[in-house]
Amino acid sequence: MSTIPTEKTVLVFQGGGALGAYQAGAYEALHEAGIRPDWLAGISIGSINSAIIAGSPVDQRVDNLRIFWHRVSSGLPGHFLGNGNAMRKWFNESSAFLGSLTGVPGFFTPRVFAPWNIPGDPMAAISLYDTAPLQETLADLVDFDLINSGAIRLSLGAVDVVSGNFNYFDNRDCAFSPKHVAASGALPPGFAPVEIDGRFYWDGGIVSNTPLQRILGGSELETDLCIFQVDLFSAKGVLPKDVFDVDAREKEIRFSSRTRLNTDQFRKLQSVRMAAKRLMEKLPPELKDDPDAKLLERIGNDCAVTMVHLIYRRAAYETGSKDYEFSRLSVEEHWKAGHDDVVETLKHPEWLNRTRPTNGIRIFDLAEQRLRGKNHEN
């Protein structure tokens, strides 16, 4: 593995439901390469994967991810009869429909509509599914004492339902429980908001489906960072051919990361920070106590960011249901795709020969360069 001694490793996991198995596979390959995260940031399913990693002993992280993804895919078949995209699309749509009717083991169960239950459970009036199984799964797989020890920093995004404000739960600031993870993934109207300290929270993807801005946009940059951003929706795509493609493409655009916008803004901001640090080093002693100089001193740094961008590319037979299609077959395919993309990236000459960025940030998107199968849309 190519490393730069001064940098810390950050994993950034986007939301995307069943597609999150791609992130688990990507982590497995990173783990096999000896890469250990110092900071994990997640939204929705990315929060669940992040919490499992941060809340597991190092030698159990991949195993616990496997247990989670095996559990949630245990209710749907792992193979189908037939060949070609048309038959596979039918299989996926059937699996997604079945899951929406019966729920997903260890994740959520459908609420039985009964008006007399609503007074006792007001959440039943504003959601279609109960995520109590998810909180039980998290309590089973995640050591929250380990998370709260701060051994690895964990930041999970959610939205305050009443104020509409985006909020990050961070183990530097609060003690985590299964509720904090479930809140980040409480996407309406399927899931009810989760109450924490008197406030109610929905899925952070409503506002922003990637926590990259948490890493780059704050004032907490203290050292060089190597960020692995693992996205589940691609902003790039093709013109839809039918209404199924329209649904899939709209969802990709809505939930994709605005990575170029975030990184361009960071590059500009970091150039100012670097200039401030250089200027402070040039100031004579009598000017360093000036209030303006003190401000420059606080914001100045010369930290460098290396970012590896990994994006799941939708298969031609996948539609808008791909994020709630939890069949064992699809989960295993997504896991393998994430694993293969990381392996391909880490053995690429550009990665192996990388050096510390000199202009604030450098972005690698090396997996996109490899020859992809003909069944991929982009």
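Tutor: Let us begin with the hairpin of β5 and β6, where five residues lie between the strands and G164 takes a positive phi near 80°. This is a predicted model, in which local features need pLDDT of at least 70 and side-chain atom pairs count only at pLDDT 80 or more, while totals for chains, interfaces and linings use all residues. Residues are numbered from 1 along each chain as its sequence is written, and side-chain values use heavy atoms, with hydrogens and water left out. Helices (H or I, at least four residues) and strands (E, at least two) are DSSP runs, numbered from the N terminus.

Strand β5 covers residues 153-160, and eight of its eight residues are buried, so it is largely enclosed by the rest of the structure. Here buried means under 20% relative accessible area, exposed means over 50%, and partly exposed lies in between (1.4 Å probe, protein chains only). From β5, the residues R153, S155, G157 and V159 point one way, while L154, L156, A158 and D160 point the other way.

The partners of β5 come next; two strands pair if DSSP finds at least two bridges between them. With β2 (residues 39-43), β5 pairs in the parallel sense over five bridges, and I43 stands opposite G157. Strand β6 (residues 166-170) runs antiparallel to β5 and is joined to it by five bridges; here N167 of β6 faces A158. Strand β8 (residues 199-203) also pairs with β5, in the antiparallel sense and over three bridges. Within β8, Y201 is the bridge partner of D160.

Most residues other than glycine have a negative phi, and most peptide bonds are trans. S44, in the loop between β2 and α2 (45-54), has a positive phi near 55°. With a relative accessibility of 12%, S44 counts as buried. D197 lies in the loop between β7 and β8 and has a positive phi near 50°. A cis peptide bond, with omega of about -5°, joins P188 and P189, and P189 is found in the loop between α7 (178-184) and β7 (194-196).

We may now turn to the nonpolar cores. A nonpolar core is a set of buried Ala, Val, Leu, Ile, Met, Phe, Trp, Tyr and Cys residues joined through side-chain atoms within 4.5 Å. The largest has 68 residues, and those with the most contacts inside it are I48, F68, W69, F107 and F228. Helix α1 (residues 21-32) gives the most to this core, with seven residues. Another core lies apart from it and has 15 residues, among them I215, L216, L225 and F266.

K251 belongs to helix α9 (residues 243-255) and is buried, with a relative accessible area of 9%. Contact means heavy atoms within 4.5 Å. Leaving aside neighbours within four places in sequence, K251 is in contact with F233, G320, D323 and Y324.
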